[in-house]
Amino acid sequence: MFSLKTYTSKFANIIWWKLFERKRTLSARILKMRHPEFTQITENNVKEVLDSVDTVLLDCDGVLWRGEDAIPGSPETVRMLRAMGKQPVFLTNYSILSRKELMEKFTHLGYDVREEEIYSSATLAGLYLQSHLQTDETVFVLGSQGLHDEIESFGVKVAPLDSEDHVFDIQSLTETLKIDPKIGAVVVAFDINFNYRKLLRAANILSKESTHFLVTNEDPRLPSNDGWIVPDCGCLIESVIKATKRTPTVLGKPNKFAWDFISKRFHVNPERTIMIGDSLNTDILFGYNCGIRRSLVLSGISSYADVTNRIDEVKHHPNAEKWIPNYYIQSLGTIAKCLWSLGLYEPDPDGDVCSDSASDETIEDRVDPWVSQPGTSSANGICHRKEVITTV
């Protein structure tokens, strides 16, 4: 039955969507005028972008996976990059797992990776200590067993922890505290068992100015699938800095320390290298510091709105340019979808390319410049592995 109220409501919705689309298009044009290099990677330019690079640096959490789930389409994209002759390098501030453990995770999630291509902040700690400590010196580590194992894989001895017996006053704690004079460095990383005893010990070891003070990364939070706020290493570091009044050496992104090793190991040409990550404060800034191109994925921490805010800041604070990427994409799997649409990628005959990237919805429909993207992924499982059509 005809209802004037229903008809009016539907007409109003149509008008609202038309105005919304016009506003969104105008927004994109204005943004392009303000910062012409900030470009979305689509079917129209994906091949041009990939043809201009030889080395692809990839962040992990928020780009390749979230928690224990692969981000849809990302394993396929990595396999395609390798088939096209690109050198992927996996650069993560994640320090909890050793490279051996990371390899197991990569394999479980369907990624084609070689151990020498992985540079975690734990790996960087091992590389630094290997070249800076004397052979009889040890290191005190605030971090996971994986970090301990990774550092020891470089021939560096990790100092054992003190007794963790409970104490109820400072005097009892200091009386049981032992400081080995052979400890030549302190490494602070994500430590789920961080406590006052460890803080007290680290602060007193670092009272000797010649002791190296290293931190794996300064990230304030870890990406979370379930909405919980998960404090990262940056929160723990602040307590050590306050106690010691010392400035640490930061090994992970956005520091360039990793770049020196990667560029030599893979003979990298900066002009033909791109960093793909989900964080403006670590990945994009790292790319800027290294003089390479940067692409933001919207499947992790930073959103489209975060970039537009930075662009607005440039006119008042020119340094804000450091946090602005050259490109953006919905997720790494978007590259697989674009190449598939161009006929350069053959999807799995048993299923879709991936639930997130096989949608009929266009990239532009899903990336709304007027709404702050939540930075979350719809990944619920592992994507199927597929074949790549070799391109020239």
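1. Buried is used here for residues under 20% relative accessible area, exposed for those over 50%, and partly exposed for those in between (1.4 Å probe, protein chains only). Arg 114, at 38% relative accessibility, therefore counts as partly exposed.

2. This is a predicted model, in which local features need pLDDT of at least 70 and side-chain atom pairs count only at pLDDT 80 or more, while totals for chains, interfaces and linings use all residues. Residues are numbered from 1 along each chain as its sequence is written, and side-chain values use heavy atoms, leaving out hydrogens and water.

3. Eleven salt bridges are found in the whole structure, a salt bridge being a side-chain nitrogen of Lys or Arg within 4 Å of a carboxyl oxygen of Asp or Glu. A network of them links Arg 82, Asp 112, Arg 114 and Glu 117.

4. Glu 117 counts as buried at 2% relative accessibility, as does Arg 82 at 16%.

5. Glu 150 and Arg 99 also meet through their side chains in a salt bridge, at 2.9 Å from N to O; this pair links parts of the chain that are 51 residues apart. Glu 150, at 3% relative accessibility, counts as buried, and Arg 99 counts as buried at 17%.

Terms used
Helices (H or I, at least four residues) and strands (E, at least two) are DSSP runs, numbered from the N terminus.
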